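Subject: Structure handover

Hello,

Here is the structure for you to look over. My notes follow below it.

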Amino acid sequence: MAARRRLVSALLVFLCASSVFSGAESQEATLTGGHRAAAVDDPPTDTERAEQAAEQPAVEERRWEATEVEEATPDEAAGEKQDTSAPGTAAPSSAPQPKDDFQEELVVRPLHSGDIYASFQFRTLWETDFTRENKVSHYRLFPKSLGQVISKFSVRELHISFTQGYWRTMQWGQPFLPSPPGAELWVWFQDSVTDVDGTWKELTNVLSGIFCASLNFIDSTNTVQPSASFKPLGIGNEATDHRFLRYATLPREIVCTENLTPWKKLLPCGSKAGLAVLLKSEKLFHSSFHSQAVHIRPVCEDRQCKTTSWELRQTLNVVFDLYTSGQGKREWSLFKMFSRTLTEACPLASSSKIYIDVTDNPQGEQFELSPATALLSQAVVLGDRRTFSVYDLTQQITFGSVRSLNLLIRWKSTEGDMLRPLLHAERYVAGYGLQTGEIHTLMYNNHPYRSFPVLLLDSVPWYLRLYIHTLTVTSKGKDNKPSYIHYQPSKDRLRPHLLEMLVQLPPNSVTEVTVQFERALLKWTEYTPDPNHGFYVGSSVISSLVPSIVAMDTNSTLKRPLFSSFFPCKEESSFFVRIYTEPLLVNLPTPDFSMPYNVICLTCTVVAVGYGSLYNLLTRSFQIEEPSPGLAKRIANIIRKMRGVPPL
Amino acid sequence: MAAPLTLLLLVAVTVRAALFRSCLTELIAERVEVVSPLTAWKRGKGAPAAFSGGVVLTPLIIYLFHFLVDYAEVTFMLADVITAVALYMAVADYNKQVFRKQKYALEADRYPLDCLELIRSPKEMYYIPLKVAMFYLLNPFTILCCVAKSTCGLNNAIIALFILTTIKGSVLLSAIFLSLATYQSIYPLTLCAPALLYLMQRQYIPVNFRRFSFWWFIAQYAFMYLGSLFVLVCLSFFLLGSWDYLPSVYGFILSVPDLTPNIGLFWYFFAEMFEHFRLFFLCVFQINVFFYTIPLSVKLKEHPVFLIFMQLAVISIFKSYPTVGDIALYMAFIPVWNHLHRFLRNIFLVSCVLLACSALFPVLWHLWIYAGSANSNFYYAITLLFNVRNFPCNRTNTKLRRRRKETREAEAVSRTERRHASGTSFRFLQLSYAKQTELH
């Protein structure tokens with residue numbers, strides 16, 4: 001314990017000192033070219049441990065190469081211009097690197113609720129150009145199916161995610177990679193695409209086949225073109241004409257094994273080796289949150305962006321529930337979570353690591369981690385400096401004498417306070433009855449003294465008719481006028497409503513956005529098979545640059561763990577966050593589905609009655625007729641007729 | 001005569017103003033019987049200036065809303081007042097003509113004895129215009145429409161002005177108002193037949209297809225009508241800068257994409273329709289409005305004002321998004337033919353059904369939409385009943401027609417008979433007519 005305490009203090013001291021020099025150190029490190037250099041060559045002895053730990057961040061940093069120069073900024077809230085100038089000087093990474101590179105990584109973060117969050121990231125980088133004339137035909141690590149999709153449909157960026165369950169921000173904090181429940185797909189096409197809608201339609205159908213998902217249900221009624229919320233994450237986002245962007249969600253999509261299997265097939269090692277052996281569907285889908293995603297984007301290979309490469313990032317996030325899968329015992333292990341242990345890294349991977357978040361556990365008072373590792377790493381992620389224990393799977397030593405790694409986390413205490421997420425949002429439908437309703441979106445700014453702007457994107461299906469003039473935005477009981485509103489009204493059976501606005505959230509406040517809507521009655525064939533279950537409305541997307549507590553690492557040329565490098569940041573004081581609200585489940589009035597024949601018959605009868613009466617009126621000719629004679633007279637006439645006398 | 005009308009207007013405006021101030025406004029504005037997607041103020045208010053779909057109000061109305069958004073209540077009350085006054089003046093003018101005709105006929109002794117009861121006394125006729133205005137202004141349906149700010153009130157005002165200008169014999173204004181009404185919703189197009197008949201009757205142009213004057217008049221009217229329609233359409237184009245509103249508004253009226261429940265026949269029928277029969281039935285249903293114009297014009301060519309009434313009734317039944325405001329307009333004309341009420345069939349039943357339906361609409365709507373204890377069939381049943389009720393109204397007219405025809409035939413049959421029998425009551429009527437003429 002004393003050793004650990006020394007370790008941490010030494011580490012803190014080192015950080016203060018090294019933060020100034022880190023840039024220089026990293027350059028120096030890259031110049032040595034030892035990117036595959038082992039972090040630890042020998043098992044550290046007890047006496048050396050403290051010093052080694054103190055060295056560790058530097059060692060770790062040294063290992064992060066300057067491969068990425070400047071990733072694109074995500075959509076900034078204010079839509080500011082992005083400076084593409086890469087900071088720092090040139091870092092020639094001209095070492096004879098293979099043209100493609102594969103990294104894998106698993107981050108485990110014990111959550112305060114007792115749940116555990118595991119995030120897999122697999123990154124394939126390939127220095128090639130799918131858009132050039134001659135077709136790329138030789139594939140090594142990059143999956144051919146996706147490569148062909150990119151070149152055929154002139155895709156510039158593709159982001160697709162399948163999620164089961166809803167990420168509970170207030171209990172779990174921010175995820176490394178946010179995703180809405182159901183399926184989400186957003187694609188930037190190259191400027192050369194002329195018929196974007198047609199290409200989009202084809203692309204969704206192809207992806208539907210690749211991922212075994214119902215993406216073919218994406219059509220014009222659930223596709224929008226956000227004007228500000230989804231900026232390209234890769235390079236070349238200066239020309240952001242949102243005509244080339246398509247965004248769609250399928251909130252009802254159910255994610256299961258048949259989506260996981262094709263996703264795993266895209267990995268170079270499949271599920272045969274490396275971290276992917278842990279991905280067993282019987283465990284993964286027995287969890288409270290599961291999200292798998294594929295992100296394809298072009299990134300810079302060096303600082304000047306002379307060469308670009310394509311990045312394929314496959315991520316899988318899963319939250320295991322304490323009570324359903326932990327059987328009530330506050331104890332986690334890889335075997336318990338995934339029913340597998342690790343025996344080797346993927347042989348094709350240049351790096352293969354497991355990070356365990358131990359920030360809240362510096363002294364081991366929260367939980368106990370075994371086997372213990374001496375490797376520590378620090379990363380600034382989501383506006384917070386986190387400390388991780390690192391297990392490098394490329395080192396045989398990690399697996400120990402049993403040749404298998406089974407990480408074990410044993411909880412010791414249940415207390416502990418989670419840092420409240422600075423930005424948090426929720427949404428619900430208010431009102432009763434099936435005629436009208438009101439959508440409430442609540443956005444919480446938990447920052448004590450900073451206000452920041454957020455971009456809210458709402459895509460509402462056409463069958464909820466939004467009354468945009470009833471839109472109100474209030475914070476702290478006062479009207480908060482959005483500085484930018486982009487509203488595209490819906491067209492029946494053609495396109496959804498799109499509402500985007502930029503709202504400034506005052507510090508420590510709740511901002512409420514309400515808008516009223518009317519529910520439409522649909523044709524009986526347009527209802528889902530279970531109409532009384534309701535209709536899903538996709539999540540609102542809230543994108544924001546949130547003020548950071550610690551200085552963010554703007555130097556994206558540094559090699560960082562994958563989980564901290566997805567959203568590039570361009571200023572130290574804030575970091576990019578995207579959060580998704582709950583999808584809504586809205587009931588619509590339904591006709592009686594058993595009645596079509598009856599309704600047709602009855603209505604036609606009524607129309608026929610109307611027609612008949614008019615026809616009667618129009619065609620009848622009128623005669624004067626004598627009032628009919630009384631009975632006596634008629635009898636008399638009959639008698640007179642028999643007598644041969646003229647009637648009366 | 002102006003005093004009672006002023007009083008009536010004051011009462012009507014007071015009632016509306018009181019309702020505007022009450023908490024019922026919101027409730028009424030959401031009633032599907034009162035507002036349809038085509039007439040909902042709520043939709044117009046939310047409409048963006050750039051017409052990019054999702055809005056089914058005509059551009060001129062949207063611009064009107066933009067300017068009058070703060071004076072909406074006054075505008076809608078004014079529209080009702082204009083309608084009432086226009087109807088009042090139109091009916092007064094029409095009655096004068098009827099009176100003159102009757103007078104000539106009486107003097108020429110052309111009426112048979114047994115149709116004495118059909119001849120209106122001047123005293124009756126004196127109050128008819130006021131009754132018409134009252135039927136319109138104090139009709140609960142109209143009041144609801146006004147309080148809900150349904151643009152149906154504006155459409156009614158335009159149609160009333162069209163009727164007034166037609167009856168006054170102003171060809172140009174009649175064409176202009178007709179084009180305005182057509183521009184608002186396609187259906188008033190069928191009113192051009194009665195307008196033509198009336199104007200020709202007034203200018204003593206025989207309705208004869210072989211006559212040049214007949215065709216020349218039709219060409220004139222069509223020119224004025226199409227010209228003003230063209231101006232309106234172009235004006236809308238220049239206001240919006242695109243033609244998007246044409247498919248958006250008129251496509252909406254004709255293809256019935258919005259199946260929000262209303263009092264008409266379309267919504268449930270097309271919600272339950274099999275997809276491949278949809279177009280066919282759409283045509284069948286839409287043709288109903290336009291088709292009846294031809295036989296009705298042939299049959300009623302002597303009575304164009306009655307034809308207007310019939311057309312309004314047919315439109316209010318067969319239009320794709322009817323509201324109670326449309327029914328209120330044709331119901332306002334009922335006093336004009338009050339001397340024929342003895343020929344109405346099932347008058348008690350019909351009025352009971354009307355009352356029952358009006359009460360049951362909100363009840364069953366609540367049960368379906370809010371309580372969840374009924375389903376759509378309940379509401380649909382009431383709309384069916386309501387529409388069946390509307391047809392007997394027509395059937396009453398059948399009776400009326402029969403009587404009129406009888407009158408004419410009776411003329412021929414019993415002309416000689418008539419000469420001898422000049423009953424005292426008949427003589428009295430003639431006398432009162434004479435007196436009235438002096439007054440006039």
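This is a predicted model: local features need pLDDT of at least 70, side-chain atom pairs count only at pLDDT 80 or more; totals for chains, interfaces and linings use all residues.

A:Cys212 sits in the loop between H5 and S5 of chain A. Phi of A:Cys212 is near 55°. That is a positive value in a residue other than glycine.

The peptide bond between A:Ser370 and A:Pro371 is cis, with omega about 0°. A:Pro371 belongs to the loop between S11 and S12 of chain A.

**The 11-stranded sheet of chain A**

Chain A has an open sheet of 11 strands. The order is S5-S6-S4-S3-S7-S8-S2-S1-S10-S13-S12, and the pairing is mixed. Which strands stand at the edges? They are S5 (223–224) and S12 (376–381) of chain A. Each has a single partner strand, so one side of each is left without a neighbour in the sheet.

Helix H5 (residues 196–211) of chain A packs on this sheet. H5 touches S3 (155–164), S4 (182–189), S5, S6 (245–250) and S7 (289–300) of chain A. The direction of H5 makes about 135° with that of S4(A).

Helix H6 (residues 257–265) of chain A lies across S2, S7 and S8 (308–320) of chain A. H6 runs at about 30° to S7(A).

Within the sheet, S1 (residues 100–110) and S2 (residues 116–126) of chain A pair over 11 bridges. Their sense is antiparallel.

**Pairings around S14(A)**

S14 (residues 408–411) of chain A pairs with S9 (residues 331–333) of chain A in the antiparallel sense, over three bridges. Here A:Ser333 stands opposite A:Leu408.

S14(A) also pairs with S11 (residues 367–370) of chain A, over four bridges and again antiparallel. In that pairing, A:Leu369 has A:Ile409 as its bridge partner.

**The five-stranded sheet of chain A**

Five strands form another open sheet in chain A, in the order S15-S16-S22-S18-S19. The pairing is antiparallel. S15 (423–430) and S19 (478–479) of chain A are at the edges. Each of these has a single partner strand, so one side of each lacks a neighbour in the sheet.

Eight bridges join S18(A) to S22 (residues 509–519) of chain A. One bridge pair is A:Arg465 with A:Glu518 in S22(A).

**From that sheet to chain B**

The side chains of A:Arg465 and B:Asp258 meet in a salt bridge, 3.5 Å from N to O. A:Arg465 lies in S18 (residues 464–475) of chain A, and B:Asp258 lies in the loop between H12 (245–255) and H13 of chain B, so the pair joins two chains.

How many salt bridges cross the interface of chain B and chain A? The rule finds two. B:Glu275 also forms a salt bridge with A:Lys523, with the closest N and O atoms 3.6 Å apart. Over all chains, the count of salt bridges comes to 24.

**The interface as a whole**

In total, 58 residues of chain B are in contact with 47 residues of chain A. The two chains bury about 4900 Å² between them. Of that area, 66% is on carbon and sulfur atoms. In chain B, B:Lys42, B:Glu272 and B:Phe274 lose the most area to chain A. Together they account for 13% of what that side buries.

There are also 17 residue pairs in polar contact across this interface, both residues at pLDDT 80 or more.

Which helices of chain B each supply at least two residues of the side that touches chain A? Here they are:

- H3 (41–46) and H13 (266–271)
- H14 (278–291), H15 (293–299) and H16 (304–318)
- H18 (347–371) and H19 (376–413)

H19(B) gives the most to that side, with 16 residues. By residue type, the side of chain B that touches chain A divides into 31 nonpolar, 12 polar and 15 charged.

Best wishes

Definitions and conventions. Residues are numbered from 1 along each chain as its sequence is written. Chains are lettered from A and ligands numbered from 1 in the order in which they are written. Side-chain values use heavy atoms; hydrogens and water are left out. Contact means heavy atoms within 4.5 Å. Buried area is the accessible area (1.4 Å probe) that two parts lose on being put together, summed over both. A salt bridge is a side-chain nitrogen of Lys or Arg within 4 Å of a carboxyl oxygen of Asp or Glu. A polar contact is a pair of N or O atoms within 3.5 Å; within protein, one must be able to donate a hydrogen and the other to accept it, and residues adjacent in sequence count only if both atoms are side-chain atoms. Ala, Val, Leu, Ile, Met, Phe, Trp, Tyr, Cys and Pro count as nonpolar, Asp, Glu, Lys and Arg as charged, and the others, Gly among them, as polar. Two strands pair if DSSP finds at least two bridges between them. Axes are lines fitted to C-alpha atoms, for helices over the stretch in contact, and angles run from 0 to 180 degrees between N-to-C directions.
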